[in-house]
Amino acid sequence: MYPNLYYAFKDLFGVDWKFLHFVNSFGFFVALSFLAAAYTLTLELKRLEAKGVLQFKEETITVGKPAGFNELITNFLLGFLLGFKIIGLFISDSPLAANPQDFIFSTAGSWPAGLFFAFLFAGLKWWEKNKQKLPKPEERKIRIWPHDRVGDLVIFAAIFGFLGAKIFNSLENWNEFVRNPVESLLSFSGLTFYGGLICAAIAIWYYAKKRNIGFWYLNDAAAPGLMLAYGLGRIGCQVAGDGDWGIINSAYYTTPDAKLIPMKPDYFNSVVAKNSDLYLSQFGTLQVPHRFLRAPSFLPDWLFAYSYPHNVVNEGLKMPQCTGQYCNYLPLPVFPTPFYETLICLVLFFIIWSVRKKFTVPGTLFAFYLILNGFERFFIEKIRVNTKYNIFGFRPTQAEIISFLLVVSGVTLYLVLKKRYNSGKQTPTPAGS
């Protein structure tokens, strides 16, 4: 596993670039997923604008004014934060710098770098505005198309998506949250996708309403990118080994050097008992969820059982003769569900992308996305480790409940929108007109 890009580049290319320690593998793929989603969203918004169903909005701006106090202080603070924390992470001799997450949320940093970039950012803003200054400031009207707002939409989605993912993860793992609420909320691990999706959707709805962007058209434009982003984000889960994996595959066990060995079914309980401290801390019992599935001879074993050596959450047992921060492996391998979800979601993305133009009723493509997403997550939950709830004798996970509701919502939404369209109560008129 590659907790950060340093380990990946050292293993794959043989280079020893220390600065890559600060680039978290999971965060790298999350950023990549946002960029991919932004790109597909831009393409779709431009396509809908060309069809005439999305319109521009005129806004009045003032040009020729010198930089105001708020602009200068904002750039000063942004520059200080960049220098103090980000540059400080690379040049600080603080022991916290070995763990970027601890460093970012500490008081450590570089004051000289912080002040240098603070004055640099503020100075550049003053110079830029002064260069454009007019003897008399003018008010001008400009046209802003929906695709011009993709940057804002991505920022909204990122901020509220992260907050929602943390909140839902805390609800799903309530006991851990109660034990250490601050660490639970500030940690970059432990993110629930559906929490992020729900909170980001609410924020985007509010933004679209304020900017007069057709909500259902926007949802349709975002649908392919949402599926693509989820698939790419799961690469980060797999590469980093963030604990978001499946249940144990009891057909194998793992040697201390992280090699898979086929195991007979009756040997499983003895391996669990041998590592009772580990599994009691995880499950509170030695009745560990598992499935026995041997890989077909024409496929590699790791596709069905993976021990996640050097995982970023330090889950499992210590690897002998391993030094450093990430030295753990799983003594009983698990199903690599993030890898499965990457493959499935990339296939689903291409399906949505190939049929998107056939959905002529606004909102129905998004409904189709909800159905596919719900089915994908519902079935992958069958081999994932998650907290279960007791509801009238049923034991579903949080993701199973939400994915079931997504399928029902998608079907209902599709039928309602089609019925309204066919009855003439809804017509695909240009948004904002």
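When I say helix, I mean a DSSP run of H or I that is at least four residues long, numbered from the N terminus. Helix α6 covers residues 150–172, and L163 is found in it.

Okay, before I go on, some ground rules. This is a predicted model, so local features need pLDDT of at least 70, side-chain atom pairs count only at pLDDT 80 or more, and totals for chains, interfaces and linings use all residues. Residues are numbered from 1 along each chain as its sequence is written, and side-chain values use heavy atoms, with hydrogens and water left out.

Back to L163. Is L163 buried, exposed or partly exposed? Buried means under 20% relative accessible area, exposed means over 50%, and partly exposed is in between, with a 1.4 Å probe and protein chains only. L163 comes out at 44%, so it counts as partly exposed.

Rings of Phe, Tyr and Trp (its six-membered ring) pair if their centres lie within 6.5 Å; planes under 30 degrees apart are stacked, over 60 edge-to-face, and the rest tilted. By that rule there are 27 aromatic pairs. One of them is F156 with Y207, a tilted pair at 5.1 Å centre to centre and 55 degrees between the planes. F156 lies in helix α6 and Y207 in helix α9 (residues 193–210), so this pair ties together parts 51 residues apart in sequence. F156 is partly exposed at 27%, while Y207 is buried at 3%. Elsewhere, W245, W302, Y306, Y308 and F339 form one aromatic cluster.

Now for charges. Side chains of opposite charge can pair when their charged atoms come close. Here a salt bridge is a side-chain nitrogen of Lys or Arg within 4 Å of a carboxyl oxygen of Asp or Glu. How many salt bridges does the structure hold? Twelve.

Take E138 and R140: their closest N and O atoms are 3.1 Å apart. E138 is partly exposed at 37%, and R140 is partly exposed at 42%.

Then look at E381. E381 bridges to R377, with the closest N and O atoms 3.0 Å apart, and both of those residues are buried. R384 forms a salt bridge with E381 as well, at 2.5 Å. R384 counts as buried at 6%, and E381 does too, at 2%. Shared partners join R234, D244, E341, R377, E381 and R384 into one salt-bridge network.

Charges can sit over rings, too: NZ of Lys or CZ of Arg has to be within 6 Å of the ring centre and within 35 degrees of the ring normal. R356 lies over the face of W353, 3.8 Å from the ring centre. The charged end of R294 sits over the ring of Y252, 5.6 Å from its centre.

One last stop: S270, in helix α11 (residues 268–274). S270 is partly exposed at 36%, and a polar atom of its side chain lies 2.6 Å from the backbone oxygen of Y267.

How values were computed. Helix = DSSP H or I, 4+ residues; strand = E, 2+ residues; numbered from the N terminus. Polar contact = N/O pair within 3.5 Å; in protein donor to acceptor, adjacent residues only side chain to side chain.
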